[in-house]
Amino acid sequence: RKHATTVTSPVHALHRSSTVPLPSSLRIRLKSSYNIYLMMHLFRLNLIVLTLLKTFTSNHSFVFQKSLIQNIFQHQQHSRQRSTNVAASREICSFDKSDFAMSTGEWPYTQGDMNRLDATDDANFYAEPRFVTHIDDRAIDSLTEFYTEEFIKHASSSSSNSKKDVLDLCSSWISHFPEDIQLDRVVGIGMNAKELEANPRLTEYICQDLNKDSNLPFEDESFDFICNVVSVDYLTSPLAIFQEMYRVLKPGGKALVSFSNRCFATKAVAMWLQADDIDRLTIVASYYHYAADWKSIQALDILPPPLETPKRPGIAEIMKDPNAAFSWAATAAAVSKANNGDPMFVVKAIK
C-alpha cells in the first residue's frame, strides 16, 4: 500500500552524526506539557482495558446500544464545529533565540542528518498520483479548523488587509483549507501534476522538486500564508527553503508547518526518523530559527480536546439490564479509538 506509515522507532541504518542536542531547559518545558497528554491517554486506555476484561468474562450476549455510540460521535461532530471563540490549538511551547545552540544564519546539521534510506530521484517516487490521505479524519478536521481560526484572525487583524494569498508547499490533490472561507491567490507547489490539477482550492500550481531547486519563483513579500502539511520531513535542503519562505512572506505573514507521526520512512531524512515528537517540534523550530529572524515561533497541538468516556453503569443498572455493561464497553472502546488516533502538531512562525 502506498500510504504513509507510522514511525515508531529510529532507523539505525542511517547515521545521525552531529545534530545539536536539545537544550535541557527547553526539553523540560516541552516535556512537562507533552507528558500531560500522554498520561491522560494512558490512564484512559488502562481504564478501558480493565473494564473490558471484567465485562467480557460474563456470559451475557454482546449488544450494541446504537444510541450511546451515536451520542459519542455527535459529540465529536460538535467538537469539530466549535465556535471560533474557542481556540482550535493549544500552545505547547514558544521558542526564543536562547533555546538554540547557534545563531540565526548558522547551521548545525550535516549531510548525515539529511540522508535518506531511498536517495534515488524523487521524481520516480512521486511519478504515480496518490489520491489518498496520509492522516486520519480527526487530524484532518483539526487542521481545517486550525486554518479557519488563522484565516479569521488574519481577516480581523487591524494590522493587515483582508486579502489572503496562500502558498501551499509540497501540495497535492487536497489542501485541507476550509471550504466556507474565501481565499484569493492560492498557489500549490508539488511533485505530481495530476494531483495538483485535482486540487479544487488551487488557483495556480507549479511542478517543482524542492530538493533539487529550493528557489521559490515569486517576488518578495507575495503571500500572507505559507502552509506545509506532513511534508517537512522530506526536505533535504530545509535551510534554503525556509529562507525562501521568509523572503516571499509579507510582513506579519504566517508560516504554518504541520506534521503527525506518519511518513514515507524511506524518503524522510535521517534525524526525523530518529526523533520523538518533542524532538520533531524542535527540529522544525530550528529550521525557522537558523533561516531567518522571525518575530515569533510557536509549537502547537491542534487536536481538539479528548472525547469524554460515558459514565460507567452501576451495579443496580447492570442487574436490571445486563447488556448495559457490554454497551458501555463498546462505546468506551469507540471513544478510545477516536482519542488515540493520529496526533497533529503545527510549528507556526510570524514574519
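Two strands pair if DSSP finds at least two bridges between them. By that rule, strand 3 (residues 166-169) pairs with strand 4 (residues 186-190): 4 bridges join them, and they run parallel. This is a predicted model, where local features need pLDDT of at least 70, side-chain atom pairs count only at pLDDT 80 or more, and totals for chains, interfaces and linings use all residues. Residues are numbered from 1 along each chain as its sequence is written, and side-chain values use heavy atoms, with hydrogens and water left out. Helices (H or I, at least four residues) and strands (E, at least two) are DSSP runs, numbered from the N terminus.

- An open sheet holds 8 strands in the order 2-9-10-7-6-3-4-5, and its pairing is mixed.
- Strand 2 and strand 5 (204-207) stand at the edges with a single partner strand each, so one side of each has no neighbour in the sheet.
- On average, neighbouring strands of this sheet are turned by 20 degrees against each other, direction ignored. Axes here are lines fitted to C-alpha atoms, for helices over the stretch in contact, and angles run from 0 to 180 degrees between N-to-C directions.

**Strands 9 and 10**

- Strand 2 (residues 90-95) and strand 9 run antiparallel and are joined by 5 bridges. Arg90 stands opposite Asp301 in strand 9.
- Strand 9 also pairs with strand 10 (residues 345-350), in the antiparallel sense, over 6 bridges.
- Two bridge partners in strand 10 can be named: Lys348 for Gln298, and Ile350 for Ser296.
- Strand 7 and strand 10 run antiparallel too, with 6 bridges between them. Phe259 stands opposite Phe345 in strand 10.
- In strand 9 (residues 296-301), 5 of the 6 residues are buried, so the rest of the structure largely encloses it. Buried means under 20% relative accessible area, exposed means over 50%, and partly exposed lies in between (1.4 Å probe, protein chains only).

- Helix 4 (residues 137-156) lies across strand 3, strand 6, strand 7 (249-259), strand 9 and strand 10. Helix 4 runs at about 170 degrees to strand 6.
- Helix 6 (residues 238-248) packs on the sheet and touches strand 3, strand 6 and strand 7. Its direction makes about 140 degrees with that of strand 7.

**Helix 8 and the cores**

- Helix 8 (residues 277-291) has 15 residues and reaches 22 Å from its first C-alpha to its last. That is close to the 21 Å expected at 1.5 Å a residue, where the expected span is 1.5 Å times one less than the number of residues.
- Helix 8 is mostly covered, with 15 of its 15 residues buried.
- The largest nonpolar core has 45 residues. Such a core is a set of buried Ala, Val, Leu, Ile, Met, Phe, Trp, Tyr and Cys residues joined through side-chain atoms within 4.5 Å.
- Helix 8 gives the most to this core, with 8 residues.
- Leu167, Leu169, Phe242, Met245 and Tyr288 have the most contacts inside the largest core.
- A second, separate core of 24 residues includes Ile140, Leu202, Cys227 and Val346.

- Asn228 lies in strand 6 (residues 223-229). Asn228 is buried because its relative accessible area is 3%.
- The side chain of Asn228 reaches two backbone nitrogens: that of Ser231 at 3.4 Å and that of Val232 at 3.3 Å. A polar contact is a pair of N or O atoms within 3.5 Å; within protein, one must be able to donate a hydrogen and the other to accept it, and residues adjacent in sequence count only if both atoms are side-chain atoms.
- Ser222 sits in the loop between strand 5 and strand 6. Ser222 counts as buried because its relative accessibility is 14%.
- A polar atom of the Ser222 side chain lies 2.5 Å from the backbone oxygen of Glu219.
- Leaving out residues up to four places away in sequence, Ser222 touches Asp165, Val248 and Lys250. Contact means heavy atoms within 4.5 Å.
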